[in-house]
Amino acid sequence: VTAAALDRLKERLAEVSDLSRAAVLLFWDQRVMMPPGGAEGRAEALGTVSRLAQERFVTKEIDQLLEELRGLEESSDYDSFEASLIRVTRRDFEKASRVPPELVGEMQRASALALAAWGPAKEESNFEALRPHLEKNLELKHRYVECFDRADETYDVLLDEYEPNMKTAEVREIFDELKEQLLPLIREIGAAGEVDDTFLGGDFDPLKQRELSLEIVRRFGYTDDEWRLDQTAHPFMSSSGVGDIRLTSNFRPTDLTSLFATMHEFGHGVYEWGIDRALARTPLGTGVSLGVHESQSRTWENLVGRSRYFWRFFYPRLQDTFADELGSVDEEAFYRAVNKVHPSLIRIDADEVTYNMHIILRFELEQDLIDDRLAVAELPGAWNARMDEYLGIDVPDDARGVLQDMHWAGGGFGYFPTYSLGNVISVQIWERAKEDLGDFDEQFERGDFGELREWLRNNLYRLGRKFTAQETIERVTGSRIDAKPYVRYLREKLAPQAV
Amino acid sequence: LTVATESPPLERLKAILGEVADLRHADSILDWDSRVSMPHAGAAARANVSATVAKLAHEKFASDEIGELLAELPDDGDTVDAALVRVTRRLWERARRVPAELTGEMAQVNGIAVAAWDEAKAASDFASFAPHLERQLELKHRYIECFPETAEPYDVLLEDYEEGMTTAEVTRVFDRLKEELVPLVARQREHEVEELRGPFPLPAQHEAGLRILAAFGWDESSWRIDETPHPFASKPGFGDIRLTTHSDEKDLTSLFSTMHEFGHGVYEYDIDPAFARSPLGTGTSAAVHESQSRTWENLVGRSLGFWRWFYPRLQGLFSRELSGVDEAAFVRAVSAVRPGVIRGDADEVTYGLHIILRFELERELLAGTVAVRDLPEVWTEQMNEYLGVDVPDDAHGVLQDIHWSVGLFGYFPTYQLGNVVSVQIWERARAELGDLEEQFSRGEFGPLREWLREHVYRHGRRYPPRELLQRVTGSQLDPEPYLQYLRAKFA
């Protein structure tokens with residue numbers, strides 16, 4: 001009977017997973033392939049498919065199956081597929097069944113409208129045009145929060161959506177430590193004088209950038225059989241099924257950021273790629289949390305892709321391709337330029353150090369908003385004041401300030417902290433890999449990244465969502481989330497005496 | 001205080017049909033992507049996703065609730081809502097006839113049989129495919145049994161692609177065509193037409209294709225075109241039309257496949273947007289659809305007027321390859337009748353005989369008068385009789401088409417009915433619009449396109465094919481205009 005119940009549950013979950021993958025493909029297609037005229041029809045189709053995935057998950061049948069399977073869960077080893085599947089499904093189910101479908105629909109609609117307003121508002125640097133939408137999103141977030149048991153802090157409920165089981169207090173502790181360590185570091189670097197990176201602006205053929213990007217990620221493990229790489233204005237990764245990993249990057253002539261964007265998205269992709277294929281078509285067959293996911297994109301973008309030995313390997317190829325632009329720039333100068341630390345206005349253009357201050361600022365303002373300590377109308381002022389306080393820069397207009405990111409318009413309150421948590425986690429895992437394997441300098445210099453990738457696959461990627469994010473981090477690194485290794489890494493790499 | 005919030009039946013019906021359409025939209029993207037952009041290794045996972053989405057669409061459509069709503073709704077009168085109810089009722093009743101197990105079994109066998117066909121074709125080994133074909137026929141018999149009131153078994157299959165069409169009518173039309181086509185083909189064999197000499201570089205072929213599409217009136221914000229080995233057109237949703245074409249350096253067939261798929265695409269594109277997310281929002285039948293692909297490929301794209309306009313432009317793109325070829329020689333080359341063994345490569349005249357042969361063999365197979373194991377031999381004999389060609393092997397004979405491996409019996413005739421219908425509609429358009437070729441020679445395709453939109457395309461599936469044809473042409477299916485067109489062009 002139990003075996004039959006488990007099969008039945010797997011069957012039901014496989015359907016839900018199939019619908020989610022269909023939605024993923026519709027989304028990818030919309031961004032990469034769809035003619036603009038199809039937008040209206042696509043919005044309807046995406047809405048229906050996502051809603052059906054939800055409807056077919058929160059059913060009486062799945063509820064009953066989970067009840068019937070309690071015995072099996074308890075009698076099975078915690079690490080087993082069966083116990084993990086039932087445990088994770090139950091947690092997902094309990095959470096999903098809290099929120100009435102009407103509220104889900106209302107939030108989707110409101111964020112779709114807000115996103116539509118965000119584009120023009122940013123274009124015209126007109127915060128007033130977005131303000132009512134943000135107010136509506138926040139009002140709905142309050143209703144969402146009310147669906148759950150009272151938490152220590154309201155923000156806990158929002159955070160849980162992106163980083164399950166993480167508490168606001170834990171994040172605050174980590175971010176306070178980052179702030180305390182990074183603000184002086186930024187000042188020290190500033191005092192040491194500016195690094196020349198003028199040669200990174202130029203006229204770099206986008207087609208050649210694409211070829212170079214492919215050359216890099218093929219070294220990392222990209223194969224034509226299972227991956228593809230396309231152009232979009234805002235890069236992303238999507239996996240519409242096992243053996244089907246899709247990256248996008250922004251190949252534009254004015255700079256070389258596409259190389260880093262491609263490596264970043266590769267990190268997201270290789271995580272999904274490395275998940276144990278036996279977990280496919282179940283809730284376990286994806287990355288465990290946004291923070292851990294981001295740790296891998298940051299690993300391949302920064303820890304690998306901005307490392308000295310990576311560029312020792314690849315800089316000759318790059319220089320060769322762009323001989324006019326980089327012919328007279330030596331490897332050291334290039335390395336320093338792509339690692340330049342300099343306070344700036346835009347989060348996605350920020351360097352490894354100041355990036356975290358952009359996140360901390362957003363994390364703090366989000367809490368002020370959801371706790372009603374800050375009115376939406378006061379948001380631009382608060383933003384500008386804190387940019388001055390943390391990074392010492394004046395925000396010239398809202399387009400380059402509070403309107404720069406789409407997250408809040410999309411209803412994504414609680415998402416931002418996962419970016420910096422990813423940075424922190426990335427170095428914890430990295431150090432653990434180096435303990436096992438020694439440093440990677442020689443391998444990277446040879447263009448060999450297979451050993452690192454396989455270590456990450458065996459120790460992290462293959463686990464998928466079998467364990468919680470905390471359990472996963474502890475299993476991989478032997479310790480809880482901890483900012484110290486990350487701060488140490490930044491200091492060693494980027495403090496003036498080390499450069 | 002409670003208020004009944006139940007929506008009126010028609011609104012409720014439209015809401016459910018909208019969801020079904022959304023699932024079909026997803027299915028269409030899953031299919032398009034698997035043929036255009038999916039990494040190879042994604043195939044197995046994709047099969048699962050497609051199966052789930054298709055199953056859900058079927059469940060949602062063939063539901064008791066739709067039946068109850070239909071029972072409450074009138075379907076008389078010439079209104080769009082009445083047409084919606086009528087079309088939905090017909091599709092729902094057919095969907096309900098077939099048990100879910102049989103539907104599932106058919107989908108499963110299709111997956112296995114198409115893979116077997118692929119291998120059998122590559123090895124030119126019919127024997128390895130024969131058991132799968134037998135299985136498909138057995139399933140077709142079971143499918144036909146779901147419709148016991150239909151006296152002629154083949155009618156059940158035809159009805160899935162061509163509402164209201166009967167085997168008797170197809171036979172009547174095809175017999176008439178055969179009578180004229182067999183001797184016409186035999187006479188053509190005496191003319192030797194010189195073939196074009198390539199290679200024709202692919203970028204210039206793509207450019208030529210885009211210029212033609214631009215003149216026909218495609219609009220970049222709603223269309224795209226890609227390369228695939230087997231060209232097709234699809235419309236995942238309104239405002240999103242996707243064509244594919246197949247380009248080969250050795251000839252210029254890509255231009256004709258582009259124009260063919262444009263015909264399918266423009267029919268879907270010009271359907272009244274008010275029909276979006278409903279069963280009315282697609283072409284009315286396979287044959288009427290094919291009539292439009294054939295119109296743009298052959299009646300427009302192989303006409304003298306079209307080439308008067310486009311040939312100088314094409315020569316500009318292939319100045320080296322086409323320098324010694326004058327317009328008349330070019331038109332002769334792309335319109336030449338050359339009996340061959342492959343349907344997909346066939347010219348306007350021989351094409352019909354490829355179809356008639358398949359129609360006849362399908363009926364024999366279903367009736368059991370030809371056994372599966374004897375099929376290659378019968379195929380070879382018939383090819384020789386109709387077209388005077390020798391079939392070298394099964395890959396170039398009975399295994400050439402994918403259709404039977406995926407259970408498509410009763411589909412082939414719609415290709416040739418499309419040819420017949422295309423000329424009936426064309427004659428009517430000419431009667432109203434005057435000298436079309438003269439317009440084409442100036443690069444003007446707008447009047448034709450607009451006339452077709454007004455009379456055919458915008459109606460979607462509002463009228464059944466028979467009624468649409470009557471409305472547009474004032475007559476029923478009639479092979480004579482088509483035969484007259486062929487005689488005038490090729491005799």
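**Helix contacts, salt bridges and buried residues**

Modeller: In α18(A), residues A:I429, A:W430, A:R432, A:A433, A:D436 and A:L437 meet A:E451, A:L452, A:W455 and A:L456 of α20(A). Contact means heavy atoms within 4.5 Å. Helices (H or I, at least four residues) and strands (E, at least two) are DSSP runs, numbered from the N terminus. The model is predicted: local features need pLDDT of at least 70, side-chain atom pairs count only at pLDDT 80 or more, and totals for chains, interfaces and linings use all residues. Residues are numbered from 1 along each chain as its sequence is written, chains are lettered from A and ligands numbered from 1 in the order in which they are written, and side-chain values use heavy atoms, with hydrogens and water left out.

Colleague: How do the residues of the contact of α18(A) with α20(A) divide?

Modeller: Ala, Val, Leu, Ile, Met, Phe, Trp, Tyr, Cys and Pro count as nonpolar, Asp, Glu, Lys and Arg as charged, and the others, Gly among them, as polar. The contact of α18(A) with α20(A) then divides into 7 nonpolar, no polar and 3 charged.

Colleague: At roughly what angle do the axes of α18 and α20 of chain A cross?

Modeller: Axes are lines fitted to C-alpha atoms, for helices over the stretch in contact, and angles run from 0 to 180 degrees between N-to-C directions. Helix α18 spans residues 417-437 and helix α20 residues 450-459. Their axes come within 11 Å and cross at roughly 115°.

Colleague: Which label does that angle give α18(A) relative to α20(A)?

Modeller: Angles under 35 degrees count as roughly parallel, over 145 as roughly antiparallel, 65 to 115 as roughly perpendicular and the rest as oblique. That makes α18(A), relative to α20(A), roughly perpendicular.

Colleague: Which residue of chain B meets A:E15 in a salt bridge?

Modeller: A salt bridge is a side-chain nitrogen of Lys or Arg within 4 Å of a carboxyl oxygen of Asp or Glu. Here the N to O distance is 2.5 Å. The pair crosses between chains, from helix α1 (residues 2-32) of chain A to helix α2 (residues 43-61) of chain B. The partner of A:E15 is B:K55.

Colleague: Is A:E15 buried or exposed?

Modeller: Buried means under 20% relative accessible area, exposed over 50%, partly exposed in between (1.4 Å probe, protein chains only). B:K55 is partly exposed at 34%. A:E15 has a relative accessible area of 7%, so A:E15 is buried.

Colleague: How many residues apart in sequence are the parts that A:R277 and A:E226 tie together?

Modeller: A:R277 and A:E226 form a salt bridge, with the closest N and O atoms 3.3 Å apart. A:R277 lies in the loop between α11 (257-274) and α12 (290-304) of chain A, and A:E226 in the loop between α10 (206-220) and β1 (227-231), so the pair ties together parts whose separation in sequence is 51 residues.

Colleague: In which strand does A:S239 lie?

Modeller: A:S239 is buried, at a relative accessible area of 9%. Leaving aside neighbours within four places in sequence, A:S239 contacts A:R21, A:V24, A:D244, A:I245 and A:E272. The strand, residues 237-241 of chain A, is β2.

Colleague: Is B:F126 buried or exposed?

Modeller: B:F126 is found in helix α6 (residues 126-145) of chain B. Beyond four places in sequence, the contacts of B:F126 include B:L133, B:V372 and B:L399. At 6% relative accessibility, B:F126 counts as buried.
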